[in-house]
Amino acid sequence: MKKIGFIGAGNMATAIIGGLLNSKSADGDHITVYDVLPDKLQAMADEKGIRTAQDAKSVVAESDITVLAVKPQNYAEVLDSIRSAVTDKKVIVTIAAGISTDYIAKAIGVECPMVRVMPNTPLLLGVGATALSRRNISDDDFAFVYDMFANGGQVVILDESKMNSVIAVNGSSPAYVYLFAKAMVDYAKQEGIDENDAMKLVCATLKGSAEMLERSGDTPEVLIKKVSSPGGTTLKALEKLDEKDFYNSVMEAMDACTKRADELSK
């Protein structure tokens, strides 16, 4: 059984560890975690039954695969602290937006196997959407990393050149959906519909619409037409969205997301 390490004990690390334990891909004795916040680290260890380390370097030394689950602004410090423990056999998994494998390789001075990952927060519930790109890694090790994230939802494999662009597609996009849901629920409240009832209907509608996109075999354009009766209410709503340039606004928002990722890239 492979030994898996995590540097950082935040939400993403928690979600991935939960998937590993639930799928029995690893047990608590084969998972080691370090975090700069001792209380947070101990709470995770107590809850998950995993091992803890005193520093980031020890995690790498003890692990076959190390997940860097820290914020992008902390990468320089973390990479400097682990570089003496990294070898060309140690697998590094990075989940930070904008951090390239080139940057990591230069920072640690070793051409080790790597996987760059862009997950999203629904991974916490086992319904995430994750993009992966691989570098210098064996098929067996990559399959293990793939399964780490497949345990928590949908996974696709991309070339690393697309990893900044995909942030707008799955990494940041839950926020767009939440904003859309907020507008729908706020309108319902304005019309005197109970907020809880409205939220139930909106959530069910979003889930059902996603299922239709996945399972119906129809394109989004065809599905829109199937909901839109001539002269009906849906067309009136779509006309107003078109008047406000909704489609292009979404496209521009996603482009702004990608450009910001490019600006932050290392």
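Which helices each supply at least two residues of the nonpolar patch? To find out in this predicted model, select helix 11 (233-243) and helix 12 (246-264), which are the helices that answer this description.

**First stop: the surface patch.** Select Phe180, Ile224, Leu235, Leu238, Leu241, Phe246 and Val250, which together make a nonpolar surface patch of about 520 Å². Helix 11 gives the most to this patch, with three residues. Next, select Phe180, which is found in helix 8 (residues 173-190). Phe180 has a relative accessible area of 39%, so it is classed as partly exposed.

**Second stop: helix 4.** Select residues 75-82, where Tyr75, Val78, Leu79 and Ile82 are buried. Viewed down the axis of helix 4, the buried residues fall within an arc of 95 degrees and therefore line one face of the helix. An α-helix has 3.6 residues a turn, so residues three or four places apart point the same way. Glu77 and Asp80, on the other side of helix 4, are exposed. To see the surroundings of the buried residues, display strand 1 (4-7), helix 3 (56-62), strand 4 (65-68), strand 5 (91-94) and helix 5 (101-108), against which they pack.

Select Asn164 in the loop between strand 8 (153-157) and helix 7 (166-171). Its relative accessibility is 11%, so Asn164 counts as buried. Beyond residues up to four places away in sequence, Asn164 touches Gly98, Arg116, Thr258, Ala261, Asp262 and Ser265. Show the side chains here: that of Asn164 makes a polar contact of 2.9 Å with that of Arg116, and another of 2.7 Å with the side chain of Ser265. Finally, select Asn151, 13 residues from Asn164 along the chain; the C-alpha atoms of these two residues are separated by 23 Å.

Methods:
Residues are numbered from 1 along each chain as its sequence is written. This is a predicted model: local features need pLDDT of at least 70, side-chain atom pairs count only at pLDDT 80 or more; totals for chains, interfaces and linings use all residues. Side-chain values use heavy atoms; hydrogens and water are left out. Patches are made of residues with over 30% relative accessible area and no salt bridge: like charges are joined within 9 Å, nonpolar side chains (Val, Leu, Ile, Met, Phe, Trp, Tyr) within 5 Å. Accessible areas come from the Shrake-Rupley method with a 1.4 Å probe; for residues, only the protein chains shown count as cover. A salt bridge is a side-chain nitrogen of Lys or Arg within 4 Å of a carboxyl oxygen of Asp or Glu. Helices (H or I, at least four residues) and strands (E, at least two) are DSSP runs, numbered from the N terminus. Buried means under 20% relative accessible area, exposed over 50%, partly exposed in between (1.4 Å probe, protein chains only). The arc is that of the directions from the helix axis to the C-beta atoms. Contact means heavy atoms within 4.5 Å. A polar contact is a pair of N or O atoms within 3.5 Å; within protein, one must be able to donate a hydrogen and the other to accept it, and residues adjacent in sequence count only if both atoms are side-chain atoms.
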